[in-house]
Amino acid sequence: MAVCEVAEHESARIGSDPLRDAFPRRAPLVPWDGRRPVPEAEFETAWATLVASPPPARRKRVAYVHLPFCANHCLFCGFYRGPAHPERIDGYDALVIADLERECRAAGIAGAPVHAVYLGGGTPSALPADALHRLLRALRSALPLAPDCEITVEGRCLGFSAEKVDACIEAGANRFSIGVQSFDTDVRRRQGRRASREELLVFLGALRDRDRAAVVADLLIGLPDQTLAVWRDDLRACLDLDLDGVDLYPLNLFPGTPLAAAVAAGRSAPVVPLPDQATMYGDAARILDEAGWRQISNSHWARATRERNLYNLLLKQGADCLAYGAGAGGSLDDHAYSLVPALDDYAALVRAGRKPLRTIHAPSACEALRARVGADIEVGRLDLSGLEPEASKRVAPLLAQWRREGLVEGAGPRFRLTTAGRFWAPNLARGLRESLQSQETR
Ligand SMILES: C[S@@+](CC[C@H](N)C(=O)[O-])C[C@H]1O[C@@H](n2cnc3c(N)ncnc32)[C@H](O)[C@@H]1O
Ligand code: SF4
């Protein structure tokens, strides 16, 4: 295993309750340092080389399509990119398909199977049924999808008609990831979520009863007024619905969101404090475990074998990600890239037959290490047996401290993250990264 550049690691607070207080805040998920931006003047040549090069053997691959449209801006959300107005949506699928089809026969695109496709946003379910159908069919015919490819459509209850659901299934979708956030009607409506608890239950029940695709719900942990009782009721609703899986995300109060402004102005109850969010996470882990659900990553639980969470897991393992749509981000042969977010610029570039690139970053020396640590931590373990002796020495005090403070278990070099370790996984990933990166400059 290689070791790379510098920084300070984060130690856990000593003598704290590890679940509630190990760190003062959750570390932001920032990419590993050391990637080199490719100058814009070199984009065309760099991209041409990437798409012409056959993929490395056994490199996993996924595809992502970004649909930057929402019926409204939910107060808490940092992913909102613009309204779902017909003048923004009409013709968008044709642009994405044109970008997809233009390069789909190149060796770098056609040369390896795609194991998971994700339509995310924004709100893919804001698209009309025929656009969803065309997009999914085009993805299936242009990309070499593996026979067991997971094909996810993200959406929300509002406006996700039976006709749209049928169109997705008919075009090959086999997984729906539905943003619920909370079932509590008051908690939801204060965040701009219009559907009531009853409407949500009917919608999710009908999706489940079709029995044609995995149904997974996103819940947020820590919305204003989401008490422990509301939280337990949210989990109970998922259990009673027999969903295939749930994703539990601690709420981040992103600066610039309507919620951050409303809390600052006293127009909203505060967000649940982080130690209480941690308690809610621990509570959920216990309740889901008692109900026989499996934790398949730090924020995902599965009830049924149908739920694999493949897209997210493969991404964390360092899979290539073919990205399409305005504002999408992906990676090819360890080069990270993003596409222009403004719809007009995106459309102009696609119509001119050009890849609508915004950035390309060449890989750092740490890609293999990043993928390995990221993949391990995501599934709640750490295998440090491949580290060079110098690197092992460097991380040993950190691991010893985390073990004493109840974040990891095991004697090493293989460790398991405790529930507390899994809540604070971003901090552990960052601590390890900084500790390991500090090697190379020594
Ligand atoms: C990109 S969003 C799309 C969700 C979908 N459009 C919907 O309305 O439910 C995916 C998920 O990110 C999560 N998310 C959004 N804002 C968040 C925040 N401030 N902190 C943590 N997770 C957040 C939500 O759980 C959401 O379901
Ligand atoms: S939660 Fe979904 S619908 Fe609401 S603003 Fe975010 S992406 Fe859009």
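**Ligand shells, domains and strands of the predicted model**

The residues of the shell around ligand 2 divide by class into five nonpolar, five polar and one charged, where Ala, Val, Leu, Ile, Met, Phe, Trp, Tyr, Cys and Pro are counted as nonpolar, Asp, Glu, Lys and Arg as charged, and the others, Gly among them, as polar. This shell is made up of Cys70, His73, Cys74, Cys77, Phe79, Tyr80, Gly121, Gly122, Thr123, Arg156 and Gly179, a residue being taken as near a molecule or strand if its C-beta atom, placed from the backbone, lies within 6 Å of it. The structure is a predicted model, in which local features need pLDDT of at least 70 and side-chain atom pairs count only at pLDDT 80 or more, whereas totals for chains, interfaces and linings use all residues. Residues are numbered from 1 along each chain as its sequence is written, while chains are lettered from A and ligands numbered from 1 in the order in which they are written.

Two members of the ligand 2 shell, Gly121 and Gly122, are joined by a cis peptide bond with an omega of about 15°. Gly122 belongs to the loop that lies between β3 and α6 (129-142); helices (H or I, at least four residues) and strands (E, at least two) are DSSP runs, numbered from the N terminus.

Ligand 1 is surrounded by 17 residues, of which the closest are Phe79, Arg156, Gly179, Asp218 and Asn252. Two or more residues of this shell come from each of the elements β3 (114-121), β5 (175-181) and β6 (214-221). By class, the shell around ligand 1 holds seven nonpolar, seven polar and three charged residues.

Seven of its seven residues are buried, so β5 is largely enclosed by the rest of the structure; a residue is called buried if 20 or more other C-beta atoms lie within 10 Å of its own, exposed if 12 or fewer, and partly exposed in between, with C-beta atoms placed from the backbone. In a regular strand the side chains alternate between the two faces of the sheet. In β5, Arg175, Ser177, Gly179 and Gln181 point one way, while Phe176, Ile178 and Val180 point the other way, and all are buried. Strand β4 (residues 145-155) pairs with β5 in the parallel sense over four bridges, strands being regarded as paired if DSSP finds at least two bridges between them, and here Val153 stands opposite Phe176 of β5. The pairing of β5 with β6 is also parallel and runs over six bridges, with Leu219 of β6 as the bridge partner of Gln181.

For the protein chain as a whole, 18 helices and 16 strands were assigned, and 47% of the 442 residues count as buried. The radius of gyration, taken over C-alpha atoms, is 22 Å, which agrees with the value near 22 Å for a compact globule of 442 residues, the globule rule being 2.2 Å times the number of residues to the power 0.38. Along the principal axes, the C-alpha atoms fill a box of roughly 55 × 55 × 45 Å.

The chain is divided into domain 1 (18-32 + 366-437) and domain 2 (36-316), with bounds that come from an automatic or database domain assignment. The C-alpha centres of the two domains lie 27 Å apart, and their contact takes 14 residues from domain 1 and twelve residues from domain 2, two residues being in contact if their C-beta atoms, placed from the backbone, lie within 7 Å. On the side of domain 1 that touches domain 2, at least two residues are supplied by each of α1 (18-21), α15 (367-378) and α17 (419-423).

Antiparallel pairing is found elsewhere in the chain. An open sheet of three strands, paired in this sense, has the order β14-β16-β15; β14 (381-383) and β15 (408-409) stand at its edges with a single partner strand each, so one side of each is left without a neighbour in the sheet. Strand β12 (residues 335-339) pairs with β13 in the antiparallel sense over four bridges, and Tyr337 stands opposite Ile360 in β13.

Asp333, in the loop between β11 (329-332) and β12, has a positive phi of about 50° although it is not a glycine, and it counts as partly exposed.
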